[in-house]
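Dear colleague,

Please find below the structure that I am handing over to you.

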Amino acid sequence: SVTMEVNRHGLTLHLIIHPLIGVKRDAQGQLADVGAADAQRESFIHVEVDRVAEPAQLEALAADLARVLGDVRLTVSDWQKMQQRVLDIVAQLEKQPPPVPAQELSEDLAFLRWLADGHFTFLGHRSNDLVTKDSEDTLVAVPGSGLGILRESSKDPGVAFAALPLKVRALARLPQLLVITKSTSRSTVHRPGYLDYIGIKRFDANGQVVGEDRFLGLFTHTAYSASPVDIPLLRKKVADVLLRAGLPPASHSGKALVNILDTYPRDELFQTGGDELLTTAMGVLHLEERQRFRLFVRREPYERFVVCMIYAPRENYTTDLRQKWQAILEQAFNGQGSEFNVHLSESMLARIQITV
């Protein structure tokens, strides 16, 4: 986390060491002794970066490092509570099932248990009530419900509900238990990716949505390395796509489609709906036989970003080409910026994912 913050300030990190040292402190927390055998062990982090001459820049760096370490402290203190909160929600949903199909609910609950079983790094949680003010739906935080990075701060790096268009806010009322998407804020803890957002809707006795439990964090590396058939929600989504594609499983095309889904960007697999995934996967399959360029676009339901996947002949792909594509897509979607990820494999096609 310290390394991430140093990099965010644009500084080159030349050295980082973090020994555990036995120390004693007085009642005011001041250092009293170092190296005593019966002392409490503390982690000291020593970082060497590019020379910074401006006092204001040094103060900003110090303040941001203190803020980041505060986020780490909150996360470490509360992660078990957040994990237990998920399991408590599962138990409650089993007692009082929401108005969603039984098969869908079973898979949703299996996914939540899977998250709590070491496949999600919990960084923040907060409960929100869905209420109507001035004839418009709005989310109001439940006092005292915040945990982790959402414990003390009034700023929520999740989906800013009030800023969403009215037609998008209407999605909150749909009888769909889970919402899986990305926050537009990067994590300050663990790794610098955009925070994963898991929303669990709450329903009243009449089956109406009355709020949500919002969890922010990061899927662990096992969530990215495991086969989709071993992950709740994904296994059903992949099975449905294979069934609807209607290809013989042992055929060349059937095996190729399985490989496309197995290597599909994992975040996209979590977030893309079944119909859209089928269309894109079949489009990629038909492209395998032809050395052509192809663009697939997915608009995030909350209209905060657009995911563009470009498949191109591997031998034609260059960095200059990718930079041109980024500029074109940013302009086309009136974007504020973009990020990219390139996947090169034994396939004749390179996959370039550009998120605007």
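The second largest cavity has a volume of about 70 Å³. On a 1 Å grid over the protein atoms alone, a cavity is a set of points where a 1.4 Å probe fits but cannot get out, whereas a pocket is an open set with protein on both sides within 12 Å along at least five of seven lines; lining residues have an atom within 4 Å of a point. Grid points are joined across faces, edges and corners, and a volume is the space filled by probe spheres set on the points. By this rule there are two cavities of 30 Å³ or more.

Please note that this is a predicted model, in which local features need pLDDT of at least 70 and side-chain atom pairs count only at pLDDT 80 or more, while totals for chains, interfaces and linings use all residues. Residues are numbered from 1 along each chain as its sequence is written, and side-chain values use heavy atoms, with hydrogens and water left out.

The lining of the second largest cavity consists of Tyr264, Glu268, Thr272, Glu276, Thr280, Phe296, Val297, Arg298, Val307 and Met309. Five of these residues are nonpolar, two polar and three charged (Ala, Val, Leu, Ile, Met, Phe, Trp, Tyr, Cys and Pro count as nonpolar, Asp, Glu, Lys and Arg as charged, and the others, Gly among them, as polar). At least two lining residues come from each of helix H9 (274–287), strand S12 (294–299) and strand S13 (306–313), and S12 gives the most, with three. Helices (H or I, at least four residues) and strands (E, at least two) are DSSP runs, numbered from the N terminus.

Of its 30 lining residues, Gln176, Leu178, Lys237, Thr272 and Gly273 are closest to the centre. Helix H6 (234–245) is among the elements that supply at least two residues, as is helix H3 (102–119); H6 gives the most, with six.

H3 has 18 residues and spans 24 Å from its first C-alpha to its last, close to the 26 Å expected at 1.5 Å a residue (1.5 Å times one less than the number of residues). Its buried residues include Phe111 and Trp114, buried being under 20% relative accessible area, exposed over 50% and partly exposed in between (1.4 Å probe, protein chains only).

The structure holds 12 aromatic pairs. Rings of Phe, Tyr and Trp (its six-membered ring) pair if their centres lie within 6.5 Å; planes under 30 degrees apart count as stacked, over 60 as edge-to-face and the rest as tilted. The pair of Phe111 and Phe270 is tilted, because the ring centres lie 6.0 Å apart and the planes are at 55 degrees. Phe111 is in helix H3 and Phe270 in helix H8, so this pair ties together parts 159 residues apart in sequence. Phe111 has a relative accessible area of 0%, and Phe270 is buried at 6%.

Yours sincerely
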